[in-house]
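Hi,

Here is the structure I promised to pass on. Have a look at it first, and then read my notes below.

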Amino acid sequence: MMTDKNIARETAKKRVKELKGYYSHITIFVIVNGILYLLKTGVLTSLLPEAFPKESYYYDWINANVIIWALILVVHTLILFRDKFTFVKKWEQRQIQKYMDEDNGETYK
């Protein structure tokens with residue numbers, strides 16, 4: 001039997017795990033895209049193997065990568081902090097009430 005204390009602990013552990021995943025996502029985003037931008041700007045060109053393309057136009061896709069990944073990170077942020085956005089809950093409550101009112105109105109006609 002799960003007590004309220006155990007439920008609260010499990011909820012807290014789940015939240016910490018979600019936050020760790022989120023912070024890892026941000027860290028990987030910064031490191032990977034930082035390296036990619038250093039490649040694009042030519043800073044890391046001297047470290048590349050001889051056969052590796054060194055012209056900057058080979059790295060034009062990096063901008064799109066950053067934009068798409070940043071959008072994914074925004075979605076991750078919105079999902080993680082969904083409880084902080086009270087306007088969504090209020091909207092949901094209004095919609096539920098609206099449909100309940102409509103259903104009650106139709107059943108009594």
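One thing to keep in mind as you look around: this is a predicted model.

I started with the salt bridges, and a search of the whole structure turned up two. In one of them, the side chain of Lys 13 pairs with that of Glu 10, at 3.9 Å from N to O. The other joins Arg 15 to Glu 18, where the closest N and O atoms are 3.7 Å apart.

Where do Lys 13 and Glu 10 lie? Both are in helix H1, which covers residues 4-41, and they sit three residues apart, about one turn of the helix. Arg 15 and Glu 18 are also both in helix H1, again three residues apart, or about one turn.

Next, the inside. The largest nonpolar core has twelve residues, among them Tyr 22, Phe 29, Leu 36, Val 66, Trp 69 and Leu 80. The elements giving two or more residues to this core are H1 and helix H2 (61-80). H2 provides the largest share, five residues.

Leaving out residues up to four places away in sequence, Val 66 touches Phe 29, Asn 33 and Tyr 37.

Definitions and conventions:
Residues numbered from 1 in each chain as written. Predicted model: local features only at pLDDT ≥ 70, side-chain atom pairs only at ≥ 80, totals over all residues. Heavy atoms only, no water. Salt bridge = Lys/Arg side-chain N within 4 Å of Asp/Glu carboxyl O. Helix = DSSP H or I, 4+ residues; strand = E, 2+ residues; numbered from the N terminus. Core = buried A, V, L, I, M, F, W, Y, C linked by side-chain atoms within 4.5 Å. Buried < 20%, exposed > 50% of the residue type's maximum accessible area, 1.4 Å probe, protein only. Contact = heavy atoms within 4.5 Å.
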